[in-house]
Each structure stands twice: as C-alpha cells, then as structure tokens.
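Keep the structure open beside you and try each task before reading its solution.

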Amino acid sequence: MYNQNFDPLSAKYLGNDEVVIKSLKREIQNILSSYVGWFDPFCELIQNGLDALDARAKLKESDFKAMIHIVIDIQKNSVAVTDNGIGFEEQQYTKFLAPNFSFKSGNTRGHKGVGSTYLAYGFNYIQIATKSPSFTALGKMEQARNWLSDENPAGNPMVIPDDSKAFDSLFDDIDRGVSICIQYDENTNPKDLSWMKITDAQSWLKVLRVKTGLGAIKTNSNILVKVSVIDKNGKQTEAEYQGIGYLWANEIFEKVQKYTDIKLKMDQLYRTKGDTYRMPSKYLNLNAIYDMWDYNRLQAEISVDEAEKRIIDECKPIIYFCYVYSTKIWDKFSESLGLRNGINIMSGGIQIAANNMPQGELILIPLKKNAGRQFQLHMVMHFENCFADLGRKGFQKDIVDFAKSISRKIADGPLNKTKRCFRKNTGATPDDLMRQQRLDDWKVDMKAHETIKPLIFENEHFFLPTKRVSITSEPTREQDVIALFNQLLAGGVIRGIKIMSTNERFTYDGLYHIIIDPPIDNHVFDSAKNPLGILKETLGDLNEQYPQGLYSEPKVLEYKFSLDGLIEDIESGVKNSNDINLVIAWEAGELYKEKFYITSLLLDENIYMRQYHGVTHKLLDITTSQVVCDLILLKDLIKYLNDPDTCKIEQEQYDE
C-alpha cells in the first residue's frame with residue numbers, strides 16, 4: 001500500500017516559488033470556470049471509469065467482466081464512481097490530478113488533462129482508491145477548493161494516505177480498478193445533490209444515460225452499470241443496466257413510429273391511391289416520430305452546401321431525432337423521474353455528442369417559421385474527429401452552425417411532411433377526470449385568491465385610456481410575474497426595456513435591450529408623472545451623443561416569483577450570476593441575505609443609481625459591494641406607485 005504524502009501540483013513544478021503557485025492557481029481557476037454544468041462532476045467521474053474499462057478490455061483477459069458502479073449519497077452529499085478497469089500505477093496516481101497532465105490518448109473519451117484537476121480542486125474532499133497488480137493506494141485530499149480561493153494559504157493541499165476504507169465498499173471486491181469519491185459543500189459548484197429532487201436509483205440511471213458517458217451513442221453491451229442511491233432519510237435503492245447507451249427518446253414513449261417506415265408507407269400509398277390516401281391506424285395518433293441516420297442517409301434526405309459537405313466528410317456525423325406531438329411529453333417524462341419543477345432532462349433542442357458521449361448543454365433549434373416546433377424536436381448529433389473546448393463549454397462555431405442548419409433543414413423538410421401522423425393536441429381527454437378535477441380546484445383557488453389579494457393599481461398617467469392594470473390579483477407564480485411585467489411595459493409604466501426574446505426551456509429566460517429613445521423627456525424622473533424615471537443629471541449629454549437614442553446590445557433577463565428561486569439556481573450551479581443583467585420578481589424573499597444585499601432605488605437618495613427607466617433595486621455582493629444585477633421587484637413597484645410615502649418607509653428594510 002502506497003503510504004506517502006504528495007502534492008499533485010509537483011508534477012508541474014519543482015519547489016515552492018510563490019509566482020509559480022499563483023500561476024498554477026490561475027490555470028486551475030481557468031479550468032474550473034469552464035465547468036458550468038450541473039452534471040459535470042458525474043460526467044468526469046464516469047468518463048474516467050469508462051476509459052479505464054476500455055483500457056483493460058484491450059488486455060483480452062478471458063474472465064474479465066467490465067463493471068462501473070455509481071454511488072449517489074444524498075445524505076452525505078457525495079458521489080463515488082468505481083470501475084474494475086486498468087487501475088493506476090504509481091506515476092499515474094501521483095500526477096493525474098495536475099492540470100493539463102494526462103496519460104490518455106486522443107482515442108479516449110477524455111484526454112485533455114483537465115477533468116481530474118476539476119474534480120480535485122473544484123471540491124474540498126476527494127478520495128482516490130486504486131489497485132493494480134503492482135500498485136495499491138488509498139489517499140484523500142481536503143480543502144483544495146478553499147485553498148484555491150485563499151490569497152495567503154499556509155501551503156498547498158496534499159494527497160495523504162487514508163487509514164479508512166474506500167467510500168464505496170464494492171472497491172474491496174474488485175481485483176483491480178479505481179474508486180473516486182467527491183463531496184459537495186456550499187463552496188463547490190454544484191453545492192447540493194438533493195437540488196434535482198431525484199431520490200431513486202432507476203431515475204438516476206435514466207438521467208445519467210442522457211447527461212453522461214453512460215449515454216454512449218455507439219452502444220457497448222459488455223459493461224454492467226450499477227447505480228446505488230441513498231436518499232436524505234438513508235433509504236437505499238439499486239438499479240442495474242447491462243451495457244452503456246444513450247436513452248433514446250423513443251424508448252420512453254408509447255405509440256411511436258420510425259420516420260423511415262412512415263415514409264415508405266406514404267410513398268407506397270401515394271403510388272397506388274394518389275394524394276387522397278389514408279394512413280393505416282398504426283401510423284396515426286402517434287406520440288412521437290423518430291429515426292437515426294448516418295451521414296450518407298442524411299445527404300440523401302436533405303440538401304447540403306459545400307461547408308456542410310466538408311464537415312460531413314471530416315466528422316462523419318450520426319443524426320438521431322425524435323419529434324413529439326406536444327412538449328407535454330417532455331414534462332411528463334421529467335415528472336416520472338421526480339425531477340425538480342421546471343427542469344427537463346430531455347427536451348427540444350440539439351444535443352451535440354463527441355467521443356461517443358453527449359457533451360455540453362442543449363442548443364436551440366433556430367426555426368424561422370412555426371417556431372414552437374423547435375421545442376418538440378429532440379436531436380442528437382454525434383461527430384467524429386471533434387472535441388469539446390476546455391472543460392465542457394461547447395464546440396467549435398462551425399460544428400454548432402452545422403448542427404443548427406441541419407436540424408432546421410430536417411424539421412422544415414422531411415419531418416414537416418409527417419405531422420398528419422401525430423395525435424391531436426386537444427388538451428385534457430374527456431375521461432381524464434383527475435386532470436379535470438385539478439383544473440376545477442385551481443379555478444376555485446384562484447377565485448379565492450382574487451378576493452383575498454386583489455391587485456389594485458390605478459393611475460392617471462398609465463394604462464390609457466382605462467388608467468388601470470388589467471390583472472385582477474397578486475401573482476402566485478412565475479408566469480403571473482411575466483404577465484404583470486408585460487402589462488407594465490405595454491402600459492408605459494416601465495419604458496427602458498424592450499424584450500428581444502423569451503426562452504422557457506434553456507438556461508436563461510430571455511434577452512432584452514436597454515433603450516433610452518426620443519423623446520428623452522419620457523425617461524426623465526418626475527415624482528408624480530414619471531416616478532420610475534432617470535434623473536436629468538444621470539442622463540447628462542446623452543441626447544447630444546445619441547440623438548437617435550441609446551439601444552444596448554442584448555442582455556440576459558430572468559423571471560422569478562421570488563428572488564429565492566434565483567439564489568437557489570446560482571448556488572446549485574444551474575445559473576451563473578455573472579451572466580444575468582436583470583431579474584424580474586414579485587418579491588425579494590430571504591435567501592439573498594446570506595451572500596447579497598439589496599439597495600432600493602425607490603428611495604429618493606438612491607434614484608441617481610437608476611441607469612435606465614423602470615429599475616427598482618440593485619442586488620450587490622455582500623463581500624465586495626459590487627453590483628450583481630439590476631432588479632425590478634413588482635410588489636414594491638406597485639406599492640410605490642399606489643402609496644409612495646408608505647412604500648419609502650418600508651424600503652428602509654433593505655438597508656437594515
């Protein structure tokens with residue numbers, strides 16, 4: 001058993017030169033900044049395990065049965081992945097955590113040498129257990145993530161021998177392999193394993209087959225996948241699956257048909273009966289239409305330009321698609337997994353894959369007509385001779401552009417001819433009594449809410465000619481916030497924002513432009529007529545510099561019922577506060593107080609901070625006092641316009 005302490009960074013330098021250490025820290029921080037996905041830790045652990053299994057398979061051992069075990073302990077907030085692959089030798093064990101240091105080749109899933117560094121220095125606890133015929137070790141490293149953000153640490157984190165056992169007890173039963181365990185905490189990204197709300201092993205297995213290397217595009221039936229999940233109450237569930245392979249959307253739905261079969265039947269009927277033919281019932285009322293094409297079939301079905309032909313020749317893409325009759329299909333699948341509300345593991349969009357596994361987040365399909373269909377079509381495109389950027393940020397622009405163009409051509413071409421085969425999207429079916437009852441209950445609840453908490457807002461200067469808002473009750477959910485906000489825009493209450501795009505199925509909710517357009521007086525603060533305006537001195541000489549008005553580049557917008565929802569998203573790593581420019585919410589909530597504070601621009605002394613019309617508050621970092629994003633808190637805004645004096649007294653709470 002290896003029993004020495006070692007500094008993983010010694011693989012990159014000799015000595016303890018402060019300049020070198022700071023340089024290495026910047027290198028590691030740059031690596032960590034490229035890992036922004038919630039499932040990135042799973043991806044890295046699993047792809048390392050699968051690469052090790054592939055390496056051992058090449059030894060051609062007659063009795064080798066490949067196995068990978070994923071342990072998700074929600075109670076301990078930790079993840080462990082164990083494989084019975086090739087295992088580490090001493091040199092690999094002591095050097096593989098260093099940045100940009102890899103023993104892998106270009107034929108493996110990972111070979112850039114950054115994934116293990118992310119696991120080691122992105123978390124405050126990592127345990128590594130390994131055994132091979134000539135080397136055995138069990139070590140751990142702690143507080144590496146905190147060390148990275150410490151300006152004056154006492155010393156570099158060390159991997160030290162661990163006298164306890166491997167976190168995954170299955171490691172004791174394998175003849176060789178590796179087991180790595182990481183632990184989440186409030187300083188890591190993500191922070192909390194329970195955030196996704198998935199609590200059982202079968203659901204986790206399905207999710208990992210979509211988001212990690214378990215979702216191999218080219219299947220391998222020789223690997224046994226085991227998943228163990230311990231929920232917050234200590235209850236353990238198990239799931240097994242023979243083989244690795246992507247969870248194709250058509251596997252999870254009933255009443256589906258292959259596009260190829262539909263096309264053949266259509267062509268056959270057209271030849272024999274003309275264009276008045278009727279499709280057989282097996283091809284009608286479908287939930288989904290799917291297919292998988294290689295690059296030859298792709299070129300036979302759609303036309304490609306020279307640039308696309310070059311990528312096809314170089315990258316030999318495999319295209320899978322699943323076109324569903326309604327986006328409700330994706331929601332139902334997420335519900336079946338027990339996923340957190342608003343999160344869809346599988347939905348409309350393009351999943352790019354390389355190295356035989358999905359990588360990166362879904363990309364929006366840029367349809368130009370009937371754009372709602374973009375959320376009905378799930379596509380997976382696998383490319384050879386193609387690699388994601390550092391970490392899992394994304395792919396080269398030409399690959400992304402190819403994926404967008406091809407997906408649009410498939411949607412607007414071949415698939416457009418098959419819509420007659422879908423079931424009719426008519427809402428609740430007559431026999432769906434439970435759904436109807438829930439609808440009736442909702443109506444009753446909303447009537448009561450309308451009586452108890454009416455939304456009253458009348459003003460001489462807005463919502464002309466009625467002079468009152470057309471929403472009857474206070475918001476109860478995010479969709480109400482969106483509706484009210486758009487009323488305020490249309491009614492002229494908020495004048496500094498123009499909505500560019502909304503986006504309910506991807507990371508952020510939408511894009512907007514800041515506008516200050518002529519006549520400039522429409523944007524100038526007036527306590528009676530324009531209470532959400534900008535001070536004249538703040539505007540300065542804008543009219544002279546921009547006589548046509550100011551129109552900003554696109555900025556990111558988030559909608560929330562409460563700011564608490566945004567704080568949870570940021571802390572879980574689903575969203576990055578650096579990306580968000582404006583948040584529209586009904587109320588501030590409480591969670592922001594741990595790391596942020598709010599300054600109210602509804603107070604007279606703070607109006608000078610308002611840079612464009614309508615902003616009510618600013619969210620600031622409690623440590624640096626830097627502005628994180630602008631806020632429009634609608635509850636405060638309505639109070640301010642109805643009763644400014646009382647509202648200003650209440651706004652003092654934020655300073656407290």
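Before we start, one cut-off: a residue is buried under 20% relative accessible area, exposed over 50%, and partly exposed in between. Keep in mind, too, that this is a predicted model.

**Exercise 1.** Find the salt bridge between D313 and K309, and work out where both residues lie and how each is classed by accessibility.

*Solution.* 
1. The closest N and O atoms of D313 and K309 are 3.0 Å apart, and the pair forms a salt bridge.
2. Both residues belong to helix α9 (residues 306-315). They sit 4 residues apart, about one turn of the helix.
3. D313 has 40% relative accessibility, so D313 counts as partly exposed.
4. K309 has a relative accessible area of 30%, so K309 is partly exposed as well.

**Exercise 2.** Which helices does the salt bridge between E650 and K639 link?

*Solution.* 
1. Start with the contact: E650 and K639 form a salt bridge, with 3.4 Å between the closest N and O atoms.
2. Finally, check accessibility: E650, at 32%, is partly exposed, and K639, at 34%, is partly exposed.

Methods
Residues are numbered from 1 along each chain as its sequence is written. This is a predicted model: local features need pLDDT of at least 70, side-chain atom pairs count only at pLDDT 80 or more; totals for chains, interfaces and linings use all residues. Side-chain values use heavy atoms; hydrogens and water are left out. A salt bridge is a side-chain nitrogen of Lys or Arg within 4 Å of a carboxyl oxygen of Asp or Glu. Helices (H or I, at least four residues) and strands (E, at least two) are DSSP runs, numbered from the N terminus. Buried means under 20% relative accessible area, exposed over 50%, partly exposed in between (1.4 Å probe, protein chains only).
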